[in-house]
Amino acid sequence: MAKSLSLNEIRSRAAKLSRDWADEPGDERQQAQSFVRDLLAVYGITETRAAYYERRVKRASTGSRGYIDALIPGLALIEMKSAGKDLAAAEQQALDYIHDLPDPEIPRWVLTSDFRRFRLIDLHDARETAAVEFSLADLRDHAEKLAFFAGYGERSFGSKEQEAASIKAAKLMAGLYDGLEGSGYSDHEASVFLVRTLFALYADDAGLWEKDLFLEFLETRTAEDGSDLGPELSLLYQVLGREPSRRQSNLDELIARFPYVNGGVFEEPLSIPSFDQAMRTRLIEAALFNWSAISPAIFGSLFQAVKDKVARRELGEHYTTETNILKVIGPMFLDELRQRFVDGYHDARALSKLRADMGLMRFLDPACGCGNFLVVAYREMRALDLEVLLRLQQLSGETARTMFFTEEHLSVRLSSFHGIELEEWPAQIAATALHLVEHQANRAMESALGAAPDTLPLDKIQTIHVGNALRMDWTTVTDITDHLYVMGNPPFIGMSRMTADQQADNRLTFAAVDSSGLRAGRLDYVACWYAKAMASLRGVTGARVAFVSTNSITQGEQARTMVPLLERNGFTVDFGHRTFRWTSEAPGAASVHCVVVGFSASARPGRKPRLFTYNHIGGQPIERPVQRLNFYLADGASIVPAKLNRPATIGMPNAHKGSQPTDGGHLIVTEEQLPQVLADEKARRYLRQFVQGQDMLQGRPLRSCLWMKYAEPADIRASPILRERLAGVRSAREESPTSSVRDYANKPGLFTQDRQPDKAYFALPEVSSENRTWIPGRFYTPDVIAGNKLIIFPGAFKWQAGLLQSSMFMAWVTTFAGRLKSDISISPGLAYFPVPWPTPDEATMTKLSHATDAVFDARAVYRDASLADLYDPNAMPANLLEAHQHLDEVVDRAFGARRRFTDTAERLSFLIDAYTRREAGEQLVPVSRRRG
C-alpha cells in the first residue's frame, strides 16, 4: 500500500470489528491471537513482521516464563484476557513482562483487553490517572486513541522522552556509519546512504508505508551473514526513487509494496556498499527502534554528529534546543500570528485573512545547518494553521470531520521554507528533516480533520541550497519581499579565529553596505550575516531579520560598530533576548553565552519593540516593557559613548593601568626566589609587593618586585643579585622587537611604563569573569606596586570604591566595556570615564562609605577565601551577598533612581537616559539631595 490508512477508514474498520466480535464468547486460549490480528488490521497492520505473537519472556516478579500475546517492538504490548477478567491485573502482568525485553523493544503503550473492554496506558505518562478505558462497542468513537498503531500517535515536541529517543536513534545511526566507514565508501556516498536509511527507518514507524515493511524486507530478503545486504538495499533504494509505472514488472512482491518516494532522496546513483553480519545485525536493531518518536528538529543536529567520532562521544550535548529556537521565532512572527488568531477567534473573515497572510510568508535561514530553525518554524506554522482551520469549521457550523485537502489548499507549504548551508552533509539532513516534519504535520491534520495532503512522493521542494551564503545572491534562493523572514544561528567564530577565507567574506560583505570608518574588520564572523541581510533587504520595508549571536556583538567595541552600522543602513532593532546560555539540557553540555537580535527597516510600520531579560543565564526569559530598543538591548537611545581621557564627572578620581616591567622576568621576584633576594642586604632594600589582577582575585602567593626608581649606584655595585638581574633585564630588552622597549635597555632598573601613584589607591582587575555579579576591588598603599593588569584609581575615596563595586557600574561595563574572550575587560576610556556618575552630597557620601565598609567587613570574615572564591555566584556567602545588595540600594539612590531596580536592563536604561541628558547639557540632580 502507498501509505497508512486515513482515520476515516480506520473508524469504518473499527465499527466492523465491533460488529464482528460482538457475539463472540471471548476465550483467551482460543481466540486471543485472532482478535489481536483483527484489531491490528483495523490500523493497517496485516500479515507482516510488524507484530510478534506469543513472545516468550521471563516475569520479573516470579522469574517464571510467560508469553506476551502480541508485541510491536518499541511501540506497543497487547495482553488479552477472557471476557470479564480484571484488566488492571492483566496490565500488571504485562508490565512484569517488559523488564525482560531489550531496550529497542520496550514499548511505549500497553493495551489490555477482555474482548469486551480495552484499557490503555502510556508508559511516558507518569500520572496514576493516565489509564484510558472504553468498550468494544465504542471502539469507533475511540479509534484515535489507538491511532499510534497506524503511525499517528501523539507528539510531545521538546519533551524529555523525545529528546532521549532522538539521542538513542542517533547512537544507532552512529553504529551504522561505522559499518559504512569500514567498507571503503566515500564520504559523500556514505552521507547519501545514511540519509536514505534514516528515511526508511522513520517511514517504517510513522505511517509513510506499511508498518515495519522495511524491517520485514531486512529480515526476509537479506542473508544472515550480511553478504547481500548492500546489493539488496541498493535495489530497494533504486525502486523507491521510481514511479510504479517505471518499475520492472517482475519485481519481488515485497519490494513492489514500497511506495514511490523521490524528492531527491533516492535519485542519485550510488556504488554498492559491502557489509557483513555485524552490520546487518546493527541495521535490524535500528529497525526495531520506534523512529516515529524522534524530533526532526533535535535529530538533525544529532545525525550530523554521527560522522565525527569526537562529537559522537558527546551525542546529546551539542544541539540547538527547540526552546531556544522559539526564543527567535516567537517574537519575530509567531506570537503576532497567535495573537491575531485570539483576536479573530469569533470572526471567520479575520481568520481567513490570517490564513491568507500566512500563505504569503517566506522563510530563509542563511546558515541553516541541519535545518533546526526551518523545521520548528514549519511545524509551528502548520500547527497554528490547523487551529485556524478547526475554528473555521466550528464557525461554519460543520459537524462532519471530513474535509478535502491537497497541497494547494494549505496556506503553509514546504516550498516557502528556504535554507543555505555551506556543507552538503547537513544540507541533506535539513531537507530530509523537513520532509519528516511535514509528514508529522499531515498526520496531525488528518487526525483532526479527517484528511490531509499526501506526504509522498517527496517532490514538493528543492529549497535547501549548498553554498556560501555570504557570497550568494539571496534572490536566487527566494523572493525578497515584505513577507520575508530571515532567521538563524550563524557560526560563532571570533574575529581572531577567522580563516583567510572568512576574512575575505567579511571584506566582501561589508563592501556592500555603508560601513566606512567603522572598523568592520574587527567584528566577529556572525556580523557578516547582519551586513548581508541589510544589503539584501535594502529598500524592503516589511521584511524582518533575527539572528542568534554571541553576546560580544552587543557589547564593547563590536557594538560601537554595529550601532551606527544599523542606523546608517536604515535598520532598527525590533526585539532582543539579553545574555542567556545557549545549550542543550543534557548533562555536561557545552554552552555559549548568546543574545538574540531581531531587526528590520526603520520605516517598517507598527513596530512594537520587545525585550527579554534573564535573572540568571540559565533561567527563563522575562519580558520587560520597553518604549524603544537599541542594539545594546536596552530601553534607551542608540548611543555610542565617546572615548574619554578623563572622568566626565568632576570629582571622580583619574584611572589608568598599573606599571609594566617588560623585564624578561628579572625584576619580578617569585615566592621561591624571595629567600635568595632577602639574603642580599642591598637587594632587599628595593623589594616591594607586586600585584597583578589575577594575584588580587585568586589570592596567589605574594609576588615581589625590585622597585629601583631611586636606587643607589653603590648598592647595585655591591649586590651580585642586583647586578645579575639588571644584566638580564638589559639583555631581554635589547632583543625586543619593540623600539620603545629597546630604548629602555640602558635603564634596566626602571619599569618601561611607570604609573605607580604616590598615594593610596583603589584597584580593580583589568579582566574579570562575566559570571561575577560584581567586580571586586581592594585598596592598596603606595608602597604596593600595581601591575599593568590592574586598573588603579589614585586617591579614590571609600564612597567612590562603593560606586565601582555596584550593580550600576556593572550595568555599564557589561555593555560598553571591551571583552577578552567572553570576560569583561575594563578600559577607563569607555568603561569608566564616560559614566554619568552622580555628585552626591556629604550625607550620601557617608552612606556610601558605610555601605562599602560593610562589604569589606563581610569579606574579612572569610580570611582563607580569595576574591575569586567569594565572588563565585555559586559560592558567595550570604552576608557578602546581602552587603552588596544593600550597597546597590544606596548607589541607586545616589544616582537619582526613583524606584527599586530589578535587573541589569533597567539600570542600563536609566544610565543611557542619564548619559543622553548629560550630553544634551542637562544638569543631573541626584535624588539624595531631596528629602527622604
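I began with F599, which is buried, with a relative accessible area of 0% (buried means under 20%, exposed over 50%, partly exposed in between, with a 1.4 Å probe and protein chains only). This is a predicted model, where local features need pLDDT of at least 70 and side-chain atom pairs pLDDT 80 or more, while totals for chains, interfaces and linings use all residues. Residues are numbered from 1 along each chain as its sequence is written, and side-chain values use heavy atoms, with hydrogens and water left out.

Next I looked up the partner of F599. I found Y530, with ring centres 5.5 Å apart and planes at 10 degrees, so the pair is stacked (Phe, Tyr and Trp rings, the six-membered one for Trp, pair if their centres lie within 6.5 Å; planes under 30 degrees apart are stacked, over 60 edge-to-face, the rest tilted). Y530 sits in helix 17 and F599 in strand 13, 69 residues apart (helices are DSSP runs of H or I, at least four residues, and strands of E, at least two, numbered from the N terminus). Y530 is buried too, at 0% relative accessibility.

I then searched the whole structure and got 43 aromatic pairs. W21 and F35 form an edge-to-face pair, 5.1 Å centre to centre with 90 degrees between the planes. I noted that W21 belongs to helix 1 and F35 to helix 2, so this pair ties together parts 14 residues apart in sequence. W21 counts as buried at 7% relative accessibility, and F35 does at 0%.
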